[in-house]
Amino acid sequence: MSLEQVFARLPDPRSHSFPDHSLPRGDPVFPIAVAREELTTVLELYETFEAVDPTGLDANPFLEATTRYMQRAFGVPEYRPDEQLHDDIAALLNDFSDDLGGRALGVVDATLHHYRTLYFFLVSCRGYHTAPHIRFDPDEVAVETLYEIYQRVTEQDAYLKHPLSVLE
């Protein structure tokens, strides 16, 4: 499947909302099957994604010089808008890898935060790929693998991981 076909299947970020699974007596999770090979593929996509500069400073030396001057002159800290997403993706991959342990295939517990992170990772990949000032050509198989994991989470019912009893 081409990148455009995968990206076209994503819900529109302007109208998409995440389900509310506010369960008062436990942590909602979405148990999904994941293979070690899939995690490796998504990790490679993440490394490619992380190397991209969405501000365009790498491609535009004038913009970079202007930004550096503004940072020095006004004390504005250097901030990349995707830093938090990078941290969230790394945490997701670590959590899934920890859940798998040393097995080649297993069930991982995707949380609501993982659900959001998968969606924003896919939407950001689409944005980076279509932006004219950013050079991002991800591997089609990796994006499709990421989408398949996201689909599994969206299709799975939420369960309580650590349910609390009425007495607690």
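Analyst: Start with one term: contact means heavy atoms within 4.5 Å. By that rule Y147 touches V6, R9, L10 and L122, not counting residues up to four places away in sequence. This is a predicted model, where local features need pLDDT of at least 70 and side-chain atom pairs count only at pLDDT 80 or more, while totals for chains, interfaces and linings use all residues. Residues are numbered from 1 along each chain as its sequence is written, and side-chain values use heavy atoms, with hydrogens and water left out.

User: Why is Y147 called buried?

Analyst: Buried means under 20% relative accessible area, exposed over 50%, and partly exposed in between (1.4 Å probe, protein chains only). Y147 has 6% relative accessibility, so Y147 counts as buried. Y147 lies in helix 6. Its C-alpha atom is separated by 8.5 Å from that of Y119, 28 residues apart along the chain.

User: How do you know that the span of helix 5 is close to the expected one?

Analyst: The expected span is 1.5 Å times one less than the number of residues. Helix 5 (residues 112–130) has 19 residues, and 27 Å is expected. From first C-alpha to last, helix 5 reaches 27 Å. Its buried residues include Y119, F121 and L122. Among the elements covering them are helix 1, helix 4 and helix 6.

User: Why is the pair R152 and E38 called a salt bridge?

Analyst: A salt bridge needs a side-chain nitrogen of Lys or Arg within 4 Å of a carboxyl oxygen of Asp or Glu. In R152 and E38 the closest N and O atoms are 2.5 Å apart, and the pair forms a salt bridge. R152 lies in helix 6 and E38 in helix 2, so the pair ties together parts that are 114 residues apart in sequence. The structure holds one salt bridge.

User: Are these two partners buried or partly exposed?

Analyst: One of each. E38 has a relative accessible area of 15%, so E38 is buried. R152 stands at 25%, so R152 counts as partly exposed.

User: What is T145 in contact with?

Analyst: T145 is in contact with E38, T41 and V42, leaving aside neighbours within four places in sequence. T145 is found in helix 6. Its relative accessible area is 10%, so T145 is buried. The side chain of T145 reaches the backbone oxygen of V141 at 2.8 Å.

User: Why is D137 called exposed?

Analyst: D137 has 66% relative accessibility, so D137 counts as exposed. D137 lies in the loop between helix 5 and helix 6.

User: What makes Y69, M70 and F74 a patch?

Analyst: Patches take residues with over 30% relative accessible area and no salt bridge; like charges are joined within 9 Å, nonpolar side chains (Val, Leu, Ile, Met, Phe, Trp, Tyr) within 5 Å. Y69, M70 and F74 form a nonpolar patch on the surface, with about 370 Å² of accessible area together. That area comes from the Shrake-Rupley method with a 1.4 Å probe; for residues, only the protein chains shown count as cover. F74 lies in helix 3. Its relative accessible area is 60%, so F74 is exposed.

Methods
Helix = DSSP H or I, 4+ residues; strand = E, 2+ residues; numbered from the N terminus. Polar contact = N/O pair within 3.5 Å; in protein donor to acceptor, adjacent residues only side chain to side chain.
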